Amino acid sequence: MNLDVLYPNIMEARNFITAREMVSDDSWLLTTMNGEARYEKPPLPTWLAAFGGMLFSFKSLIALRVPSAIITFILVLFSYRFGVKFLKDKKQAFINSLILATSFYIIFAGRNGTWDIFAHGFMIIGIYFIFQFFSEDSKIWRNALLAGTFIGLSFMSKGPVSHFALFLPFIIAYSIVYKYSNFKKKWLPLVGLILVTAIISAWWPYYITVMDGDTAKAIAEKETTAWKDRNVRPFYYYWSFFVQSGVWTVVAFVSLLYPYLKTRVENLKAYKFSLFWTLAAVVLLSLIPEKKSRYLLPVLIPLAYTTSFFIMYVFRSFQSKMEKFERIPIYLNFGLIGLVGLAFPIAGYIFLKDNLTGFYTPFIITSLLLVPIGFFILKYLYERKIQRVFYLIVFFLMTTITFGFPLANAFLENPKYNSLEDISRKAETEKIPVYMFNIQSPELVWDYGGKVSLLHSHALEIPKETTFKALVMIGAKKSLEKAFPNYRITHLETFDLNPIEDTKKGYKDRLRTDMYLIEKN
């Protein structure tokens, strides 16, 4: 629902440009962004976005984002299936899948055209089959080959990211808790698993190395440097990882308290496995110098399993067995959400005020639904009918996404907003080419609707045309005049893709550009 509400971010713009050029240039293997090689990410998710654009339109954000939504849905389904295998409790597996589906970063990644969710979605399928390969003596070859296939597809989505952040922690946790047994008849299938993974993972990197080796090497070196030198954060940066679960933050934190929960869970072995899997993922990610909040996405998968153990204990004991102090996190976590639902109409109206113009319909519908949901959350919390409270939290989020999400645009208002969308068509009809001078903002290129040739002042190649247009960063006219001293330079228009005013926090200068007409004297 509402996949087209948010504006494309910088990562989406890069991915969508690459998908568009796959189709327009027929460059399905030697991928490009604005005509330049882009081998930083394997192409599998970009192919899927390209198919969406071909089937519908590259102007449709829904078409380009729906592959992410589908793989996220598959991720949730296989988290349930895997949960049934190791939790040995269908209800708990279902609870886990609901926690996962409603965790903040899972919702965000599932509605966003970035490729991390594909890597982790395919990987959880691979883990589902490799768990059976390790723990069962039937269908060994099937489990081995399917595990190898999906682990390989994960690599084809974003390289070894999920292998390091999700698969390796799984292996560590499995080795500690379940260990390995009866492996004599599994060595040959294991070799098959590794071969399938290697072939699916390696063929595209091998292809670009053969076809464009120097460029591929330069890009690989740049990416390696970025992991060491860019967005460097301290080791403890991820220690608040449970906050990324959103509405489950408090109960997720409690679920990590092993001394407290070890005597309260029914399947201690499975709890240890999910807990070690979660903590191993956080520790391994903490070892990488480059850190971003969105890199915690894979941690939410084992964290949902871990949280489900506490939720199941609450289901069993909240009515009568739990001590008063144990109920405090539940009242805090769920009671706050109930209050938000009740207060939404008044608080939302005060907060949005004049920005509600044009958004009254989603605001009224959301209010009419969240108020009774909030009321019954508090009512059932008071009556200690905690299972009803849990499911109402899920409905609270479903309501917010389905009906309330368009309200996100009520915060966005920029009277100076001006799109580049028509410029490429004008360039074709006027026969005046357009260049970018000293900038290459992916969002600008995406909005332009096609490739924009680049002019760099440090290695300037003078266009052969005597008349052309240039997109220039705001305030950089002097650099342009210095680069083209024998040309007449006339300001034509300012384009601003920022959805908010330049006085507000979050305004990005890279989304604003001046266009000049440049004519040779």
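Entry 1: I began with the accessible surface of the chain, which comes to about 24,500 Å². Carbon and sulfur atoms hold 64% of that area. I noted that the model is a predicted one. I then looked up the charged side chains and found 57 positive and 39 negative. The centres of these two sets lie 12 Å apart.

**Entry 2: overall form.** I recorded 19 helices and 7 strands as the secondary structure of the chain. The radius of gyration is 26 Å, close to the 24 Å that the globule rule gives for 521 residues, so the chain is as compact as a globular protein of that length. I also took the span of the C-alpha trace along its principal axes, which is about 85 × 65 × 45 Å.

Entry 3: I considered the contacts in the chain with a separation of 6 or more, and 77% of them join residues 24 or more positions apart. Of the 521 residues, 52% are buried, that is, under 20% relative accessible area.

**Entry 4: the cores.** I reminded myself that nonpolar side chains tend to be buried together in soluble globular proteins. Here the largest nonpolar core has 142 residues. Phe-82, Phe-170, Trp-277 and Phe-334 have the most contacts inside this core. Helix H6, residues 116-135, gives the most to the core, with 13 residues.

I then examined Phe-82 and, leaving aside residues up to four places away in sequence, found that Phe-82 touches Ile-127, Tyr-128, Phe-131, Phe-170, Phe-273, Trp-277 and Tyr-305. Last, I noted a second, separate core of 14 residues, among them Leu-455, Ala-483, Phe-484 and Ile-489.

Conventions. Residues are numbered from 1 along each chain as its sequence is written. This is a predicted model: local features need pLDDT of at least 70, side-chain atom pairs count only at pLDDT 80 or more; totals for chains, interfaces and linings use all residues. Side-chain values use heavy atoms; hydrogens and water are left out. A nonpolar core is a set of buried Ala, Val, Leu, Ile, Met, Phe, Trp, Tyr and Cys residues joined through side-chain atoms within 4.5 Å. Buried means under 20% relative accessible area, exposed over 50%, partly exposed in between (1.4 Å probe, protein chains only). Helices (H or I, at least four residues) and strands (E, at least two) are DSSP runs, numbered from the N terminus. Contact means heavy atoms within 4.5 Å. The radius of gyration is taken over C-alpha atoms; the globule rule is 2.2 Å times the number of residues to the power 0.38. Accessible areas come from the Shrake-Rupley method with a 1.4 Å probe; for residues, only the protein chains shown count as cover. Lys and Arg count as positive and Asp and Glu as negative; His and the chain ends are not counted. The place of a charge is taken as NZ of Lys, CZ of Arg, CG of Asp or CD of Glu.
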